[in-house]
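Thanks for passing this one along.

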Amino acid sequence: AHLMGAVMQLLLGRYVRAGLNFRRGWNLYHAAADSLENDPESVPPALKCIIDFGIGMFNLVVSLLPSTYLSIAEYIGFGGNRADAKRLLSRSYEADQVWSPFASLLLLYFYTQLTPNLGIYKQTDVEQVEEILGSPVALRCKSSALFLWMEGMASRLYRREPDVASMTLS
């Protein structure tokens with residue numbers, strides 16, 4: 001609820017309130033993560049997946065901020081570690097729970113759209129994309145429009161299968 005409220009407040013131009021709601025959402029995720037660390041056996045796997053997805057998403061978004069804003073966000077208390085974000089999102093999609101497709105889509109978007117356009121592309125990104133697209137989560141959701149689009153974008157970006165890439169453009 002805090003995250004949705006924050007997005008709405010951003011759209012309305014209420015930046016301070018939006019920042020406070022983002023901070024409340026961040027604190028809720030970290031409180032859940034702390035309880036997960038204290039007693040991991042009492043937390044259901046689906047909730048672990050949601051916690052990993054939420055914290056990973058926050059870290060990924062914050063890590064993409066320009067350095068000036070990143071230092072301000074880290075001073076306020078937001079994490080901005082991209083390696084942690086990718087690790088948490090990977091753990092979330094590997095859990096094969098309800099939120100796993102969202103985590104895999106976020107990682108696919110990061111590797112196929114953001115890294116090439118921001119100039120932070122690495123050769124290991126290709127291997128990550130192929131691993132995600134070959135995962136049980138992606139294979140189960142293979143006929144969904146978003147996964148088909150991501151597969152086509154990956155094929156087009158990495159010049160793997162021209163037929164798959166051209167199908168997404170039609």
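1. H3 and H6 are roughly parallel to each other, since an angle under 35 degrees counts as such. Their axes, fitted to C-alpha atoms over the stretch in contact, come within 10 Å and cross at roughly 20°. H3 covers residues 45-63 and H6 residues 100-118; helices are DSSP runs (H or I, at least four residues) numbered from the N terminus. The crossing is left-handed, in that the near helix is turned anticlockwise from the far one by less than a right angle.

2. A word on the basis: this is a predicted model, with local features needing pLDDT of at least 70, side-chain atom pairs counted only at pLDDT 80 or more, and totals for chains, interfaces and linings using all residues. Numbering starts from 1 along each chain as its sequence is written, and side-chain values use heavy atoms, with hydrogens and water left out.

3. Which residues in H3 meet H6? They are Cys49, Phe53, Met57 and Leu60, facing Ser100, Phe102, Ala103, Leu106 and Phe110 in H6, where contact means heavy atoms within 4.5 Å. By class this contact has 8 nonpolar, 1 polar and no charged residues (Ala, Val, Leu, Ile, Met, Phe, Trp, Tyr, Cys and Pro count as nonpolar, Asp, Glu, Lys and Arg as charged, the others as polar).

4. Now the open spaces. The largest pocket has a volume of about 560 Å³ (a pocket is an open set of points on a 1 Å grid with protein on both sides within 12 Å along at least five of seven lines, and lining residues have an atom within 4 Å of a point). Gly19, Phe22, Val62, Leu65 and Phe78 are the closest to its centre among 18 lining residues. H2 gives the largest share of the lining, 6 residues, and the lining divides into 16 nonpolar, 1 polar and 1 charged.

5. The second largest pocket holds about 210 Å³. H2, H3 and H5 (82-94) each supply at least two residues of its lining, which by class has 5 nonpolar, 2 polar and 5 charged residues. Among the lining residues are His30, Glu37, Asp52, Asp84, Arg87 and Arg91.

6. Finally, there is 1 cavity of 30 Å³ or more (a set of points where a 1.4 Å probe fits but cannot get out). The largest cavity has a volume of about 50 Å³, and its lining is Leu133, Ala138, Leu139, Lys142, Phe147, Leu148 and Glu151. H9 provides the largest share, 3 residues.

Terms used. Points joined across faces, edges and corners; volume = space filled by probe spheres on them. Axes fitted to C-alpha atoms, helices over the stretch in contact; angles between N-to-C directions. Parallel < 35°, antiparallel > 145°, perpendicular 65-115°, else oblique.
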